[in-house]
Amino acid sequence: MRQLITALLILTIFCFAKCEKEKLDFNGLPAATKEGKNTLGFLLNGQPWTPKGYNGTANFSIDFDPGLRNGIFSISAYKIITNNDRSYFGIGVNDSINIIKPPKTYSIGNNSLYGIYFSDNNCTLDYFDNTIRRTGTLTITKLDRVNRIISGNFNATLSKNGCTTISITEGRFDMKF
């Protein structure tokens, strides 16, 4: 009888135990944290966009190179909706990460240190195309070189003749590098 009670107790614990999932805010985005939780998300024309790969997990990477141009970083991500419907996102700072003190805000423009990239099946709005009109900001809210965490928030508007204007709002990232 004692074994049956123990087995029922264990079964009850497993049945009612909750796995902690990533907490989303009211917009369906990951919370804006500064703990190296490896999260990324933004509103794309008002709709939540988070990385999603073939197996449903987030697919993104970060490159942080303190030795190049006084420190650079970039984040690349993609989202697969179907095999034929994908979008790609990139953001980065191409100079001086080693010498900033957060919070540090960068403005986007054709010759700025901060850049953003977005591509989908309809259009590519890349870093190097000078025909793209860009506005926006990126704020590094945490840069912890000891624990290797970089966090921040961003927004941008990208437009190009022949493409739908891309509005990225409420962007946030919290990553280990």
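The structure is a predicted model, in which local features need pLDDT of at least 70 and side-chain atom pairs count only at pLDDT 80 or more, whereas totals for chains, interfaces and linings use all residues. Residues are numbered from 1 along each chain as its sequence is written, and side-chain values use heavy atoms, with hydrogens and water left out.

The chain contains 1 helix and 11 strands, where helices (H or I, at least four residues) and strands (E, at least two) are DSSP runs numbered from the N terminus. Along the sequence these elements follow the pattern α-β-β-β-β-β-β-β-β-β-β-β. Of the 177 residues, 38% count as buried, and the accessible surface, from the Shrake-Rupley method with a 1.4 Å probe, comes to about 10,600 Å², of which 53% belongs to carbon and sulfur atoms. With a contact taken as heavy atoms within 4.5 Å, 56% of the contacts between residues at least 6 apart in sequence join residues at least 24 apart.

Aromatic side chains were examined next. A pair of aromatic rings is described by the distance of the centres and the angle of the planes. Rings of Phe, Tyr and Trp (its six-membered ring) were paired if their centres lie within 6.5 Å, with planes under 30 degrees apart counted as stacked, over 60 as edge-to-face and the rest as tilted; the structure holds 11 such pairs. In one of them, Phe42 and Phe89 are tilted, at 4.7 Å centre to centre and 40 degrees between the planes. Phe42 lies in strand β1 (residues 39-44) and Phe89 in strand β5, so the pair ties together parts that are 47 residues apart in sequence. Both Phe42 and Phe89 are buried. The pair of Tyr78 and Tyr88 is also tilted, because the ring centres are 6.2 Å apart and the planes stand at 40 degrees; Tyr78 belongs to strand β4 and Tyr88 to strand β5, 10 residues apart. Tyr78 is partly exposed at 26% relative accessibility, and Tyr88 is partly exposed at 35%. Phe42 and Phe89 also belong to one aromatic cluster with Trp49, Phe73, Phe154 and Phe173.

Pockets were searched for on a 1 Å grid over the protein atoms alone, a pocket being an open set of points where a 1.4 Å probe fits, with protein on both sides within 12 Å along at least five of seven lines, and lining residues having an atom within 4 Å of a point. The largest pocket has a volume of about 360 Å³, this being the space filled by probe spheres set on the points, which are joined across faces, edges and corners. Its lining comprises 20 residues, of which Asn94, Tyr114, Gly115, Tyr127 and Phe128 lie nearest the centre. The elements that give two or more residues to this lining are β4 (72-82), β5 (85-93) and β7 (114-120), and the largest share, 4 residues, comes from β4.

Several backbone features were also noted. A cis peptide bond, with omega about 0 degrees, joins Pro102 and Pro103, and Pro103 is placed in the loop between β5 and β6 (104-107). Asn70, although not a glycine, has a positive phi of about 70 degrees; Asn70 is in the loop between β3 (59-65) and β4 and is partly exposed at 40% relative accessibility. Glu170, in strand β11 (residues 166-176), likewise has a positive phi, near 55 degrees, and is partly exposed, with a relative accessible area of 37%.

Methods. Buried < 20%, exposed > 50% of the residue type's maximum accessible area, 1.4 Å probe, protein only.
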